[in-house]
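Subject: Model handover, salt bridges

Hi,

Here is the model we spoke about. My notes on its salt bridges follow below.

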Amino acid sequence: MKFCRINLAKTNYHPVDNFKIMDNPDFDQLNKIYYDYCNYHKFESVQPIYPEDLENTIFGYYHNQELVAFTICIEYEQSKIIHNDQFAWNYHHPKLTLGMCSIRNECAYYKARGYEYMFLQQFDEYKTNFQGFELCGPAELNKLD
């Protein structure tokens, strides 16, 4: 299994205007979007989201003032690293390409706040299209001293 990240210093993305950081998000609303997302992709196996996930930073993405997508980001402020933990959207308007849009937006958001890397979990070919894309090396190259 391969993992990847984005070197934020090598990005030049701009924030979008259809998002906000969610204060007190509605878990049931997010869980419904996640359920729609998993069913749209016909995932054979999924890890559920939990109410405790909402203790992290939640980006809400809107279309016509309706919440249609979200990202859960875990901030490691001291290390200046972001873990892009979970993204989901309901795909009611596929032409919005919110998956790609959300990552570019989150890169812009965190780069402006001095963060260095955004980890995107497992490698997928489409992720190579992002500015600053890097494949993480083996453990001996990523040792934290």
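Is Asp124 buried, partly exposed or exposed? Asp124 is partly exposed, at a relative accessible area of 36%. (Buried is under 20% relative accessible area, exposed is over 50%, and partly exposed lies in between, with a 1.4 Å probe and protein chains only.)

Some ground rules. This is a predicted model, in which local features need pLDDT of at least 70, side-chain atom pairs count only at pLDDT 80 or more, and totals for chains, interfaces and linings use all residues. Residues are numbered from 1 along each chain as its sequence is written, and side-chain values use heavy atoms, with hydrogens and water left out.

A salt bridge here is a side-chain nitrogen of Lys or Arg within 4 Å of a carboxyl oxygen of Asp or Glu. The count is 4.

Asp124 pairs with Lys127; their closest N and O atoms are 3.6 Å apart. Lys127 is buried, at 6% relative accessibility.

Arg5, Lys10 and Glu134 form one network through shared partners. Two contacts to look at:

- Glu134 to Arg5: closest N and O atoms 2.7 Å apart. Glu134 sits in strand β7 (residues 133-135) and Arg5 in strand β1 (residues 3-7), 129 residues apart. Both residues are buried.
- Lys10 to Glu134: closest N and O atoms 3.9 Å apart. Lys10 is in the loop between β1 and β2 (19-21), so this pair ties together parts 124 residues apart in sequence. Lys10 is exposed, at 55%; Glu134 has 15%.

Strands are DSSP runs (E, at least two residues), numbered from the N terminus.

Best wishes

Technical notes. Helix = DSSP H or I, 4+ residues; strand = E, 2+ residues; numbered from the N terminus.
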